[in-house]
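Hi everyone, thanks for coming. Let me put the structure up on the screen, and then I'll walk you through a few places in it.

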Amino acid sequence: MGDGTTVILDENGTKRALTRIAHEILERNKGVSDLVLVGIRTGGVHIARELALRLEEIEGESVAVGEVDITLYRDDIKGHASHLPVGKTDIPFSLEGKKVVLVDDVLYTGRTIRAAMDAVMDHGRPDSIQLAVLIDRGHRELPIRADFVGRNVPTSQKEIIQVQFNDESRPVDVLLQK
Amino acid sequence: MGFKHKDIIALRDLTKEEILLLLDTAENMREINSRDIKKVPTLRGKTIINLFYEASTRTRTSFEIAAKRLSADAVNISPSTSSATKGETLLDTAKNLMAMKPDIIVMRHAISGAHYFLAKRLPCSIINAGDGAHEHPSQGLLDMLTMRDRFGKLDGLKVAIVGDVTHSRVARSNIQGLTKMGSQVFLAGPPTMIPTGAEKLGNVTVCNSMNEAIDGADVVMMLRIQLERQGKTLLPTLKEYSRYYGLNPENLKLAKKDAMVMHPGPINRGVELSSYVADGDQSHVMKQVENGVAVRMAMLYHVSGGELTAE
């Protein structure tokens, strides 16, 4: 590991954090009835799948997982340069009357979450949207807060938080780079 | 990789990677077209002018729908309503339109090169919606997307293009795009309608007969005979054309069993295609139209540019 890199969560720590979030989601929603997870591409989708596995282990019932790409909902398109590639949004179930848990790996300014909420609302009108994130690093630019947080990590804006995934897209650890 | 072009005027100007990026974007844009709410805020506040100096139904409508699905404001100008009828030059018209601050001009013009002329002089993006007998890049891209949907690849496909190749901007864009993507293109048509030196365009073979071109083809792309233009002077009769260069259930058997039949429209029924083929199981004509909206959304998105600060 290079200089200036700190492990915020190792593999076991990440697993424990996700298990705790899964319990909190169940506690808050009193089970998995009408519950669906929507991961924000790409890290959020991996985390959403992990949470779905844990919810099924605990409750014995599967929870649907969708994925949303927020590229077309960003608010920072300017001038003439190159665009980010557009990813795939795949929400293969109705959101009407559902309790949606939006999932991302890192919560930072809140702009990604705002865009993701817009994208979800364009697919239907859920009963509620909750937010689960593995890491909250602060520096919000919008009035958004997470309902479920794996770890709060106070950072400076110069620092980088990186959630690392293995070849099977399962989280390995979380690093802070100064 | 990113898309660095201000304008899209011809597929000959794009690399294989840039074409792939446009196709991939279009593939993901299709999801928007299948929703109840078919709109995303991406180009909110952008103004797009559809400046069509030649008649068009599907291309203009497709660009207009694409713009609106990305939340841009789209304005249509057709020749009968423009000052071109009063003798205004193209550059003067364009400068006047620029004074209204559009972000993108989508133009169809009968003169090949008109788009390059404007792109050099105007700060906004120019998208070619067809220029004379030069190129029709959005049609080429939507054709390639339709083929990739069916085969999962473009590399190694045998594509027969049949008809008036000389005057077809659709054929030229497809030849440019398909040969870049690794397809083999076989051309057939009356000798008066095959350009000299077509072989030099890349992996292109000029055939002596239609049967030779479609033999074993994965895709049979029929071109429209432009009855309003050269169709009257380069052909003895439509009946004769249909006999030698029309696609019917009999000669279609020469192509691969599940070969795709494509046509850029509008179809002259009974001339390029028999109705049986046009409406048959192998026809992908409506799929081409459907893919047109997604491809044009991808083009508008990428030329509109944007420096993104990743969160």
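**A walk through the two chains**

Let's begin with a charge and a ring: K158(B) sits over the face of F186(B), 4.2 Å from the ring centre. Before going on, please keep in mind that this is a predicted model.

Now, where are we in chain B? Strand β5 (residues 158-162) and strand β6 (residues 184-188) of chain B run parallel, and 5 bridges join them. Within that pairing, V162(B) has A188(B) of β6(B) opposite it. These two strands belong to an open sheet of 5 strands in chain B, with the order β7-β6-β5-β8-β9 and parallel pairing. Which strands stand at the edges? They are β7 (204-206) and β9 (260-262) of chain B; each has a single partner strand, so one side of each is left without a neighbour in the sheet. From one strand to the next, the twist averages 20°.

If you follow chain B past β9, you come to P266(B), in the loop between β9 and α10 (275-278). The peptide bond from G265(B) to P266(B) is cis, with omega near -5°. I point this out because most peptide bonds are trans.

Let's stay with chain B and look at its aromatic rings. How many aromatic pairs does a search of the whole structure find? Over all chains, the search finds 1. The pair is Y241(B) with Y245(B), and it is tilted: the centres are 5.7 Å apart and the planes make 35°. Both tyrosines lie in helix α8 (residues 238-245) of chain B, 4 residues apart, about one turn of the helix. Are they buried or exposed? Y241(B) is buried, with a relative accessible area of 2%, and Y245(B) also counts as buried, at 13%.

Next, the nonpolar cores. The largest one has 82 residues, and M147(B) and L300(B) touch the most other members. Helix α11 (residues 285-304) of chain B gives the most to this core, with 9 residues. Apart from it lies another core, of 29 residues, including L35(A), A132(A), F148(A) and V163(A).

S71(B) is in the loop between α2 (58-69) and β2 (73-77). Its phi is positive, about 70°, although S71(B) is not a glycine. With a relative accessible area of 16%, S71(B) is buried.

D34(A) lies in the loop between α1 and β2 of chain A, and its phi is near 60°, a positive value in a residue other than glycine. Here the relative accessible area is 43%, so D34(A) counts as partly exposed. Why mention these two at all? Because most residues other than glycine have a negative phi.

Chain A has a cis peptide bond as well, joining R41(A) and T42(A), with omega about -5°. You'll find T42(A) in the loop between β2 (35-40) and α2 (43-59) of chain A.

Let's finish with a sheet in chain A. This open sheet of 3 strands has the order β1-β8-β7, with antiparallel pairing. At the edges stand β1 (5-9) and β7 (160-165) of chain A, each with a single partner strand, so one side of each has no neighbour in the sheet. The twist averages 30° from one strand to the next. What packs on this sheet? Helix α1(A) does, touching β1 and β8 of chain A, and its direction makes about 105° with that of β8(A). As for the strands, β7(A) and β8 (residues 171-177) pair over 6 bridges, with I161(A) opposite L176(A) in β8(A).

My last stop is E11(A), which is found in helix α1 (residues 11-29) of chain A. E11(A) and V172(A) are 161 residues apart along the chain, yet their C-alpha atoms are separated by 4.9 Å. Setting aside residues up to four places away in sequence, E11(A) touches P171(A), V172(A) and D173(A). E11(A) is partly exposed, with a relative accessible area of 37%.

Terms used. Residues are numbered from 1 along each chain as its sequence is written. Chains are lettered from A and ligands numbered from 1 in the order in which they are written. This is a predicted model: local features need pLDDT of at least 70, side-chain atom pairs count only at pLDDT 80 or more; totals for chains, interfaces and linings use all residues. Side-chain values use heavy atoms; hydrogens and water are left out. A nonpolar core is a set of buried Ala, Val, Leu, Ile, Met, Phe, Trp, Tyr and Cys residues joined through side-chain atoms within 4.5 Å. Buried means under 20% relative accessible area, exposed over 50%, partly exposed in between (1.4 Å probe, protein chains only). Rings of Phe, Tyr and Trp (its six-membered ring) pair if their centres lie within 6.5 Å; planes under 30 degrees apart count as stacked, over 60 as edge-to-face and the rest as tilted. A charge sits over a ring if NZ of Lys or CZ of Arg is within 6 Å of the ring centre and within 35 degrees of the ring normal. Two strands pair if DSSP finds at least two bridges between them. Axes are lines fitted to C-alpha atoms, for helices over the stretch in contact, and angles run from 0 to 180 degrees between N-to-C directions. Contact means heavy atoms within 4.5 Å.
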